Amino acid sequence: MSIRPTADGTAVLVLAVLLLFVAINLQAGWVFAVDALLWGALAVGWAGAWTALRGVGVSRALPAEVCEGDPVSVTLTLCVRRGRRYAVTLRDAVPGLSSSTVVVPVVSSRPVTVSYLATALRRGVHLARDVEVTTMGLLGLVGARGRLPAGGSVVVLPRYWTLDRLPSAGPAQSDGRVRRPRRDGLDVAGVRDYRDGDSLRHVHWRSTARRGRLVVREFDDDLHEPVAVLLDTRPHLYEGADDAFEDLVRACASVAHLATRSGRPALLVGSADPEVAVLPWPHALRWLASVRPGGDRSPVDQHALLPAGSRAVVATADADSVLALARRGVALAAVLADVDSYRHRTGVSVRARASSAGVFGGSVLALEALEVPVAVLRCGDDLGAVLARWGT
Amino acid sequence: MRRRERPGVEESLLARAVTLGAVLVAVAAVGVQEEFAAQAVTAGAAIVAGFAVSYLRRRSRNTWLKAAIAVLVLVVARDFFRTLLATPYDPRVPLVRLFLWLQVLHSFDLPARRDLKYSLASAVVLMAVGAAYARDLSYGLVVVVFALAASGALAALHWPAEAGARGLARAGVGLGTAVALAGAVVFVAVPRGEGLRVRWMPVSPRLPWTGRLHTRVVNPAYPDADRAGADRQAVFNPQGYVGFSTFVDLRLRGVLDDRLVLRVRSTRPAFWRGLAFDEYTGQGWRMSDGSVEELASDQVRVPVRLAADEPWPAGSEQVVQTFYVEADQPNVVFAAYRPFEVYFPTGMVAVDRYAGLRSPIRLEPGMVYSVISRMPSPTPALLVREHGEIPPSVRDRYLQLPVLPDRVRRLAEDLTAAGGSPYRKAAAVARYLRACCTYTLQAPALPAGADAVDHFLFVTRQGSCEAFSSALAVLLRAVGVPARLVTGYTTGTYNRLTGYYEVRNSDAHAWVEVYQPGAGWVALDPTPGFAVPTTQDDPPGQWLLADGARWTWDQMAGLAGSVSQGIPQKAGMLAALAVAAAAAAGVVRAVRVRSDRARGPVEQVYASAERVLRRRGYHRPAHLTPREFLAALPEPARPPASEILRVFEASRYGRRRPTADDVRACREALDALRAAARRLPPPGVASPRGRAPAA
């Protein structure tokens, strides 16, 4: 806890020193008394500040999960063991959420609840430990500032975009020849009931009219093949470009969401343990919320963990490793992050001039030659727009 | 045109009202001084109007108002400098007017909370200015009221609007009381250094004078003292001292009343000298030379020129004094010896042959004058110096004696047989008088025709200060040491709150000045219980805490002395200290009990249980939870301790208020624990069921 005089307190202190000087030189008893009042006020202010945060308890209520960018209602409850505290200012800064300041006029032994709306800024599993509490008391001469324990946790899930489709993947086969494009799962396998998140484009209107409820077409791929999402988490790739990693995570979340909408399991692969996770949608989001740069497994190594012939979506900043995978005949699509643009914050302005090929030294061109759909993310890009253009 | 709102406008009418209250208290603090009463009333009314205008126009830009205030500030500043030039010796008067009118002007432009705070700060300055003027204890009441009002204003300015106004009064009074108490502690604890001794010379407004009272001494208590003599005796008047007349009648007996006559602010304690007398008649003292020299100036400052008989002291210290006359006094200008400059409202004083200052008018209540003196501060070496010539004029005037009985001369020779300097001889005689004679104001009457000194020394051996001083002066003259009787007031009682010496009628006193070659006139007081202040004496009341500690120590020493009659005093002191320690322990225990009460009944019982166990040596280390500690307790203590712990945990962690049954069960368990604790083995000793935990 820190106790410091406020601007008013400093002014009173200066006045008290001046009056003491005057009193000493005049030897006027009552001037000493008036001066003593000022010192007394400072002493009372200091004692008030010293006791202000003692006996004060704060607790915090947070929703368990929120999505990046969503508003979050945070509720703080204060009470004091004895007495009253006036004009208590709470500055709450939960990691991953925007901070906010609220003022509680009076705190007494009856709990007082205040709420504020924050914004979830960054995905992750965030632990809040304390709240910064400030009060100047009623005299306003000395302020006390301290951090009171108030635990709480929130999982901020990565933001995702609703994609219409997954780009078709068609790289060269292992012999190096260009493989004939597959049908990409566009063969209709049947129909099923509409599920939340399904595209209206896939509604089978005739069956819907017949059954009286929404029915969508179910494609061949949807039924069988899981979507493997390889997230390259090797930390050296993202040094100085944390946001690049975040955008890749969001891209993975969007792909996982699309997979879920199409009824296929999402198979998430990171560079650290657990190596492979086949997860339903909410768990996939939590996995993506908690994933951090770490491990040393490249996408090639990651793909080796998958069943042979698995198609994959690779999210990485290393175009060469994607190219290596493509050259092995793996059917894949790639999301590449241009980390330089993130490091130098030159994404949007320079984007028009910098070609994809220039950034990744020809790897992207080679990938495109191998018919690998590539989305390149740059700092400041609209991720949703980039993903929407992916493979078109 | 759209009116732009001012930022940070204070909307709280309550905060403005309370701040206005505090400011008005500060104005009243100045107004209680008579000379500012009218201005303070006008200023108070203007400030109320100003606050009202400020509130009504709080959202306006008030450009014209600000311009008008700026112009008026210049006018007030001009008035300040003009008044300052007119009264250069006391800047307090223009300062009061300046702060008062600045406060008024500022009150017309208080849109924001910040401005209200400035107003409060300005009120503090007004309080300080009023405090510099205040001379009596009633100002303390103003200070307390201001503490309450200003604290209330600060609280109102920080009071959250959402909290409603209901609790503000209680909070303000609580804060004000706390501030006043803390201020009292600071007031007592802060030592008051001497500082730079800023010299200002307060003096009453210049008075026209037409009479020429300074050619004689007019004592309202003894209007006919001039005609008193061997054949005619004055009647004692308890309202005035006979020593402030041209004849000091040693035949008078009586006790003076305790009326406050002077308030003196001085940089040093001193005797406030009035008159000196050179001719001893056997029944009293008179001035052989009634001539005076007029010292006039076109200002209130009058430099003092003394006669050649009053040499400049070899060593001296400047003493600045201001006298506030509280009761009718003779036309004697009291001042510490040796006056150097006088600031007197008539601009004219007269000085007699004996360095006594006289006013052309009588000193009346309300009159203020200041004096700068050079107080003699001779070195010890100078005081014991035997050689040196006494000026003939001094020898002629101050060795005069009437026909004295031989025994007086013989006593004088006996007492000064050891020789030495005049001062040493005087000190020897004074020692003798203090040792052999008794001070009383009701000594037996002097028989007709008897010599007052002879009667005092050889018959009654008791008398007042005049008798002691007369005896000293006469005995010294008998052996050729020039001496004179001096009358005036003693220092008086130092008021630690006001910083003034309060001089009462009963403080009138007589002492002796001895001529020491090289050092000039040196004051000496032979009266038991009195001593002439010296420049080495620290002014009293410089540190109230130390004064209080000294007083407490003296009281304890006195108590120990009275209780332990027959017991060595050190043992008595030890006993007193033991009593004080026991009292302190009681206070600590009371605080602890009070703190226990604040915890709640179950917590109290738990704390008591821990204390019971601790006394038996079972101390719970910080790393053990109560339950772990309980598990390690020996068997007899475990069941009752377990019961207490159950209720304690339910109360502390279960968020459940303990019921009356819980509390009763807990207390019964505590009784059982106390009983069981007597059977507990010491920690670490094997008990029938295992080993007791180490402490």
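Modeller: Contact here means heavy atoms within 4.5 Å. By that rule, 33 residues of chain A are in contact with 48 residues of chain B. The model is predicted: local features need pLDDT of at least 70, side-chain atom pairs count only at pLDDT 80 or more, and totals for chains, interfaces and linings use all residues. Side-chain values use heavy atoms, with hydrogens and water left out.

Colleague: What makes about 3,300 Å² the area that chain A and chain B bury between them?

Modeller: Buried area is the accessible area (1.4 Å probe) that two parts lose on being put together, summed over both. For chain A and chain B that sum is about 3,300 Å², with 77% of it on carbon and sulfur atoms. W30(A), L37(A) and L138(A) supply 24% of the area that chain A buries against chain B, more than any other three residues.

Colleague: Why is the pair K117(B) and D8(A) called a salt bridge?

Modeller: A salt bridge requires a side-chain nitrogen of Lys or Arg within 4 Å of a carboxyl oxygen of Asp or Glu. The side chains of K117(B) and D8(A) meet at 2.4 Å, N to O, so the pair qualifies. The count between the two chains is 1 salt bridge.

Definitions and conventions. Residues numbered from 1 in each chain as written. Chains lettered and ligands numbered in written order.
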